[in-house]
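Let's take a friendly walk through a protein chain, from its overall build down to single side chains. Have a look at the sequence and the structure first, and then read on.

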Amino acid sequence: MSELKGKIDFALFVSVCNANPNGDPLNGNRPRISLNGYGEISDVCIKRKIRNRLQDLGQTIFVQSDDRADDGYGSLKDRADGCLKLKEEIAKKKKANRDLCAKIACEEWIDVRSFGQVFAFKGEEVSFGVRGPVSIHQAVSLSPVDVISMQITKSVNSEAGKESKASDTMGTKHRIGYGVYKIMGSVNVQLAEKTGFSQEDAELLKEALRTLFENDASSARPEGSMEVCRMYWWQHKEKTPAISSGELQRGFHIKKIARPTSFEDYEIEWKADGCVEPEIL
């Protein structure tokens, strides 16, 4: 594993066509929207998809979805206990070295050394946290989005008997007609040195972002309804570049339209003085 060459910034432009990119469970699972009508995708949702892609790429993941668990563990505590080195150190209780626990966890799981993790479980005297170098912003659409709602009905009874719901029980599905979302993020070198996040891990992260919606299809997101249309990747040579991440992201000049129907409707250019040129995928 080689050390990270320098700070990394990245930006993705993601298209959504007749899909629900991230439903809000407190609002009938409608797509998340700001008060100004712009679509949103939470950073938690994006990290979940990155973890899934890293898992597909053969990496060991600590925070796995129950339906994608590949190691036989049904909880985070069980998975942590399954790491013998970590379990042995935690068993020392008050004499346990928390820094060593964090190091073991970072070596074992790529998402821990990428995003960080809090290890605090009921019944354990030892708790510790890892602060990860990879930070992800919540995604925001370039233009206000329209939410389309559709009434649906069930075609069969769930159970027999009077208490069962009839086959004509109605429900609602929500989707975005069309929208383009911008995802921003960065990798901090100082934190990467602490967790052991390497240049090879950065290349895996790049591939996960480039293929973010592979194997992610569902009834809310049919195959092909979401895709990464363009990705910018800045590999700086310095740990702390002269240009900040905020200045770099403000270097985008986007000609917006009210009701886009394709990614080509937008004119997206990037230019910032004193910054390394991005790799555009």
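The report below starts with the whole chain and then visits a few places inside it.

## Before we start

This is a predicted model, in which local features need pLDDT of at least 70, side-chain atom pairs count only at pLDDT 80 or more, and totals for chains, interfaces and linings use all residues. Residues are numbered from 1 along each chain as its sequence is written, and side-chain values use heavy atoms, with hydrogens and water left out.

## The whole chain

The chain has eight helices and 14 strands. Helices (H or I, at least four residues) and strands (E, at least two) are DSSP runs, numbered from the N terminus. Taken along the principal axes, the C-alpha atoms fill a box of roughly 65 × 60 × 30 Å.

How much of the chain is buried? Of the 281 residues, 44% are buried. Here buried means under 20% relative accessible area, exposed means over 50%, and partly exposed is in between (1.4 Å probe, protein chains only).

Contacts are worth a look too; a contact means heavy atoms within 4.5 Å. Among contacts between residues at least 6 apart in sequence, 71% join residues at least 24 apart.

Helix H4 spans residues 98–108, and its buried residues are Cys101, Ala102, Ile104, Ala105 and Cys106. What covers these buried residues includes helix H3 (84–90), helix H5 (110–115) and helix H6 (189–195), together with strand E5 (116–119) and strand E6 (128–131). The N-terminal end of H4 is capped by Asn97, with a side-chain oxygen 3.0 Å from the backbone nitrogen of Asp99. For comparison with that distance, a polar contact is a pair of N or O atoms within 3.5 Å; within protein, one must be able to donate a hydrogen and the other to accept it, and residues adjacent in sequence count only if both atoms are side-chain atoms.

## Aromatic pairs

A search of the whole structure finds twelve aromatic pairs. Rings of Phe, Tyr and Trp (its six-membered ring) pair if their centres lie within 6.5 Å; planes under 30 degrees apart count as stacked, over 60 as edge-to-face and the rest as tilted. Two of the pairs are set out here.

| Pair | Type | Centre to centre | Between the planes |
|---|---|---|---|
| Phe13 and Phe252 | edge-to-face | 5.4 Å | 80° |
| Phe62 and Trp109 | tilted | 4.7 Å | 55° |

Phe13 lies in strand E1 and Phe252 in strand E12 (residues 252–255), so their pair ties together parts that are 239 residues apart in sequence. Phe13 is buried, with a relative accessible area of 0%, and Phe252 is buried at 10%. Both belong to one aromatic cluster, formed by Phe13, Tyr232, Trp234, Phe252 and Trp270.

In the other pair, Phe62 sits in the loop between H1 and H2 and Trp109 in the loop between H4 and H5, so this pair ties together parts that are 47 residues apart in sequence. Phe62 and Trp109 are both buried.

Which residues surround Phe62? Leaving aside neighbours within four places in sequence, Phe62 is in contact with Leu76, Arg79, Ala80, Trp109, Asp111, Val112, Gln117, Phe119 and Phe121. Phe62 counts as buried because its relative accessibility is 0%. Between Phe62 and Arg51, eleven residues apart in sequence, the C-alpha to C-alpha distance is 9.0 Å.

Ser15 lies in strand E1 (residues 8–19). Ser15 counts as buried because its relative accessibility is 5%. Not counting residues up to four places away in sequence, Ser15 touches Tyr178, Gly179, Val180, Ser225, Met226, Glu227 and Cys229.

Met150 lies in strand E9 (residues 147–153). With a relative accessible area of 42%, Met150 is partly exposed. Its contacts, again without residues up to four places away in sequence, are Gly171, Thr172, Lys173 and Arg175. The C-alpha atoms of Met150 and Gly171 are separated by 8.4 Å, although these residues are 21 apart along the chain.
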